[in-house]
Amino acid sequence: MRGKGILRSVLCVAAMLSLGCAAWAALPDGNVRVGVVMPTSGTLAYDGGLTLNGVKMAVDEINAAGGVSGHKVELFIEDSAGVPATAVAAMEKLVGMQKVVAVIGDFGSSGTLAMMDVAKRSQTPLITPISLAPKITELGNIWTFRGCDSSEMIAKSFTKWAVAEKKLDKWAFIGVNTDYGRGSVDAFSKKVKDLGGEVVYTEYFQQGETDYYPIITKLKASSANALCMLGETVDLSRVVSQFHEMGLQEKITIMDPTSGTFNPKFLELAKAKANGIIGASRFVASIKTPKAEKFVADYQKRYNIPPEKYAQAGYDVAHMVAIAVKNADSTDTAKVREALAKIEYEGPQGKAHFDAKNQLQIGEYIIVVKDGKFEIVAGPIMAE
Amino acid sequence: MLMVFLQQALNGIILGCIYALIALGLSLIFGILEVANFAHGEFYMLGAFMALFSMSGLGVSFFPALLIAMIGMGIIGALIERAVFRPIVGKPLINSMLLSFGLSTALANLALLLFGADPQKIESGLADYHLRFFGLHLTAERLMVLVVSVALVILLAWFIQSTRTGKAMRAVSQDRVAAQLAGINVSRIYTITFAISGALAAAAGTMVGAMFFVSPEMGFSVVLKCFIIIALGGFGKIRGVIVAAVMIGLAESLGGGFISYAYKDAYPFLLLVLLFMLKPQGLTGGSGR
């Protein structure tokens, strides 16, 4: 009798424990809270808005399909205004007050670099969909992921094509005076020189600059046969229109290898002057895979513009976070981080995974603007 | 090298002409009402939007749109003077500084709310015509900017020198009480001053909107630069302000072209510091009073 009683209580405890364990491992009640830090005001507002479009579309898709294991994804969006200090304050708010499982952001590399310390201190995964500065994944911060290519990867792929194949060997750089601009110019200069090319002129500008005549005038007097622009939509549209005003289009090929200009707003601002710009992009709307075609059609239907790589990155990164939470089966940020590092993802861009430095491994397409369309001329070219 | 220098100088002069239009209005307001109008950059921004919308909404071409923007901003400038600045004329400068700063923020954010942050371009249709002379390069659009701004400045100088109203404006700026005693309607002069300044700012905004872009945040950096210009050129002095505006345009263009473009916004301020060190009485000398 006595033995039976002990057995029963042991079973009881075991049953309770196993139930309890199950309850701890599964997702807690309530929504999966995901933070987003993007510039929604200032000169990057347009570009940041595109990424946000992608994020929102992905989250609506996930929720419409039943959410993450039955839990809805809820977004907490903060404005970084393209200012690193504001981005840090936004990140602090998201991890401190909103208790999010992961943060998507920022747009500019300077903002992302500033937020990385908060990610490490608060042990919250931070995944940037856009920032290109190579430094971000070189600092050994395991809490930070880059859900897109780095400017170094783009530089390797693009110079292979431009310098080695197309014999564009005298480069001039016009870059935005930020971590992204300076980091990218360094990365590209090195690769151009490695392949036997020459860098004849380098100049930086402040974000939101309007008058580029001083630079264009110097450029005209240089021996460059290729101009490499590193910046964002609005600034670069001014560079391109002033470049044409000075009549340089016959002498110099414009290249936008980080494809800051490959979006509908740029075409609207630059019109025919956009023709002939060569770039590299991990994504354009003309990629013909089932996932890409579905994404392009859905996006076009929802926003009435074709998607570009900013929207694609927002879309992919939001899906990656949701998959990571699902695989971790937990909202514990450390488990989400581990799951994110191990993710095998397939999106509109193609198959992708993170390397040991949390850098996404993807290829590049070489693209040229022709009559307001982005045509793929080569690719995908892998960096290695 | 000489060609590069001349081309940079030409670019700088065109830039300077735009600055002159904005700074002259600011300087007139400062000289006559003795208020600092930090919202002047927003006059310039609103003027540009007015031209943009008259082209897209009414379908008029560039020059009529320029005229509509000037008239429209003239009226809005007069209304703002009557409603906002009139009550604080004669009060310490800090009142107008704080008030206009608030007005500037309010107008810029109102524009952001109504028109959105996306920059838009005014199509003058002249940017595709290229002129080449002695190895220098100029688009018809930039030539138009040069011609229109020089014409407006000459018109303003003539107005102030030769018309009855212009003389009354000068009288008010020299001594408000004496002018009032001589039978000048000082309040009317205030309104006219704001109307002229608003119209000049709108002209500048429209031309900048054609050369570059129209966006709600375009006004702020310009107004700071124009305060440097009127500090350099002398408050309320037409000739001094024009010289200073062209100097600032040249400093940006030549400094940006030959030293480093990344720091081009620093050159006007360096110029101001240098001037205060070497010639503290200002560019044109003397206090003018």
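Two strands pair if DSSP finds at least two bridges between them. That rule opens the first exercise. The model is predicted.

**Exercise 1. Place the strands of the sheet in chain A.**

Task: Find which residue is the bridge partner of A:I127 in β5(A), then work out which strands stand at the edges of the sheet.

Solution. 
- Step 1. Start with the pair. Strand β4 (residues 126-128) of chain A and β5(A) are joined by three bridges, in the parallel sense.
- Step 2. Across this pair, A:I127 has A:F145 as its bridge partner.
- Step 3. Widen the view. The open sheet of chain A has five strands, ordered β2-β1-β3-β4-β5, and its pairing is parallel.
- Step 4. Read off the ends. β2 (73-79) and β5 (144-146) of chain A each have a single partner strand, so one side of each lacks a neighbour in the sheet.

**Exercise 2. Find the two sides of helix α11(A).**

Task: Check the span of α11(A), then say which of its residues are buried and which are exposed on the other side.

Solution. 
- Step 1. Helix α11 of chain A covers residues 290-303, which is 14 residues. At 1.5 Å a residue it should span 20 Å, and its end C-alpha atoms are 20 Å apart, so the two agree.
- Step 2. List the buried residues of α11(A): A:A292, A:F295, A:V296 and A:Y299.
- Step 3. These residues cover an arc of only 100 degrees around the axis, which puts them on the same side of α11(A).
- Step 4. Recall the helix rule. An α-helix has 3.6 residues a turn, so residues three or four places apart point the same way.
- Step 5. Turn to the other side of α11(A). Here A:P290, A:K294 and A:K301 are exposed.
- Step 6. Name the packing partners. The buried residues of α11(A) pack against α2 (45-64) and α12 (309-328) of chain A.
- Step 7. Look past the end. A:N304 follows α11(A) and has a positive phi, near 65 degrees.

**Exercise 3. Describe the side of chain B that touches chain A.**

Task: Find how many residues of chain B are in contact with chain A, and which element gives the most.

Solution. 
- Step 1. The contact involves 22 residues of chain B and 23 residues of chain A.
- Step 2. On chain B, at least two residues come from each of α1 (2-33), β2 (136-139) and α10 (238-258).
- Step 3. α1(B) gives the most, with five residues.
- Step 4. Sort this side of chain B by class: nine residues are nonpolar, nine polar and four charged.
- Step 5. Follow β2(B) to its partner. Strand β1 (residues 130-133) of chain B pairs with β2(B) in the antiparallel sense, over four bridges. B:R132 stands opposite B:H137.
- Step 6. Two residues lie between the strands of this hairpin, where B:F134 takes a positive phi near 45 degrees.

**Exercise 4. Classify B:M97.**

Task: Decide how B:M97 counts, given its 14 C-beta neighbours inside 10 Å.

Solution. 
- Step 1. B:M97 sits in helix α4 (residues 93-115) of chain B.
- Step 2. The cut-offs are 20 or more for buried and 12 or fewer for exposed.
- Step 3. With 14 neighbours, B:M97 therefore counts as partly exposed.
- Step 4. Leaving out residues up to four places away in sequence, B:M97 touches B:A36 and B:F38.

Key:
Residues numbered from 1 in each chain as written. Chains lettered and ligands numbered in written order. Predicted model: local features only at pLDDT ≥ 70, side-chain atom pairs only at ≥ 80, totals over all residues. Expected span 1.5 Å × (residues − 1). Arc of directions from axis to C-beta. Contact = placed C-beta atoms within 7 Å. Nonpolar A, V, L, I, M, F, W, Y, C, P; charged D, E, K, R; others polar.
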